[in-house]
Amino acid sequence: MKPVTMAALAPEHFLWEVTDRIAVIRLNRPERKNPLTFESYAELGACFRMLAHASDVDVVVLASNGGNFCSGGDVHEIIGPLVGMEMPQLLAFTRMTGELVRAMIHCGKPVIAAVEGICVGAGAIMAMASDLRLAAPSAKAAFLFTKVGLAGCDMGACAMLPRIVGQGRAAELLYTGRVLRAEEGERWGFWNSLHDDVFAAAMELARAIAAGPVWAHGITKTQLLQEWTMGLDQAIEAEAQAQAICMSTRDFERAYRAFVAKEVPVFEGN
């Protein structure tokens, strides 16, 4: 697929804005604490798949709206219809939700979640699928699947959550569905940091990342994903090859010349 520009994207089921090569996504049903629907799942997945080829976006911020991040799948618009579906339809749905996570982790761009208030169910999964998670003191994360008679293994939760907080803590959250409040979540490493103005903090971080070697950031994201299934010997070799590729870029040379001249390097992503 050829490079695409996405600043003019006009999604139907979420808010979209691109400023200084940073894309901001907000779910747009604040009166319901921003639940997901069949349509928003599909449109978000398509957006992240396009982001893999975007030439005008270097960082993505998943932001809150109306004081909340996401309340998971809409009870009336998703859970209600699912009750009446047969297995082939159910499997098509669960595969579609998983595709959103795949699209996020394969989009090639660092993704920052800026979480306020409710961040539960699929919303908590979206936060986990982000590379970095910043939270306001109001943030409340929970994996509510057992509350509706489902397993905690949803959209990759049993793979991602233990890698973030550890196996025992992940098991506790996934079996009980209890709320993980902001300060506890930061202690556990679920949140990278807490901020009173979490969106401002996320944008500051996004600008710092966007000012760096964005092509090399894409390599970092790829290696973070691929090395999940590698042994140490494989990982060392994969990183040797990846870093050699980065050393062949002009950004590497720019950084060296800036260092010699005692200047701040200006990276161009090539």
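Two strands count as paired if DSSP finds at least two bridges between them. Helices and strands here are DSSP runs, numbered from the N terminus: a helix (H or I) takes at least four residues and a strand (E) at least two. The structure is a predicted model, in which local features need pLDDT of at least 70 and side-chain atom pairs count only at pLDDT 80 or more, while totals for chains, interfaces and linings use all residues. Residues are numbered from 1 along each chain as its sequence is written, and side-chain values use heavy atoms, with hydrogens and water left out.

By that pairing rule, S5, S7 and S8 make up an open three-stranded sheet, in the order S5-S7-S8 and with mixed pairing. The edge places go to S5 (118–120) and S8 (180–181); each has a single partner strand, so one side of each has no neighbour in the sheet. S7 (residues 140–142) is joined to S8 by two bridges, and the pair is antiparallel. To see this pairing in the model, look for Lys-140, which sits opposite Arg-181 of S8. Lying across S5 and S7 is helix H4 (residues 122–129), which runs at about 85 degrees to S5. That angle is taken between N-to-C directions on a scale from 0 to 180 degrees, with axes being lines fitted to C-alpha atoms, for helices over the stretch in contact.

A second open sheet has six strands, in the order S1-S2-S3-S4-S6-S9, and its pairing is mixed too.

How buried is S3? Five of the five residues in S3 are buried, so the strand is largely enclosed by the rest of the structure. Buried means under 20% relative accessible area, exposed means over 50%, and partly exposed is in between (1.4 Å probe, protein chains only). Val-59, Val-61 and Ala-63 point one way from S3, and Val-60 and Leu-62 point the other way.

Next come the helices. In H5 (residues 157–165), the buried residues are Ala-157, Met-160, Leu-161, Pro-162 and Val-165. An α-helix has 3.6 residues a turn, so residues three or four places apart point the same way. The buried residues of H5 pack against H3 (87–105), H4, H6 (167–176) and H7 (182–188), where contact means heavy atoms within 4.5 Å. Ala-159 also belongs to H5, but this residue is partly exposed, at 30% relative accessible area. Its C-alpha atom is 26 Å from that of Pro-137, a residue 22 places away along the chain.

Asp-58 is buried at 11% relative accessible area, whereas Arg-21 is partly exposed at 36%. Arg-178 meets Glu-172 in a salt bridge of 2.6 Å, N to O, and forms another with Glu-184, where the closest N and O atoms are 2.8 Å apart. Elsewhere, salt bridges with shared partners join Arg-29, Arg-32, Asp-74 and Glu-77 into one network.

The surface has a nonpolar patch too, of about 450 Å², made by Val-75, Ile-79, Val-83, Val-148 and Leu-150. Patch residues have over 30% relative accessible area and no salt bridge, with like charges joined within 9 Å and nonpolar side chains (Val, Leu, Ile, Met, Phe, Trp, Tyr) within 5 Å. The areas come from the Shrake-Rupley method with a 1.4 Å probe, and for residues only the protein chains shown count as cover. Val-83, a residue of helix H2 (residues 75–83), counts as exposed because its relative accessibility is 70%.

Conventions. Salt bridge = Lys/Arg side-chain N within 4 Å of Asp/Glu carboxyl O.
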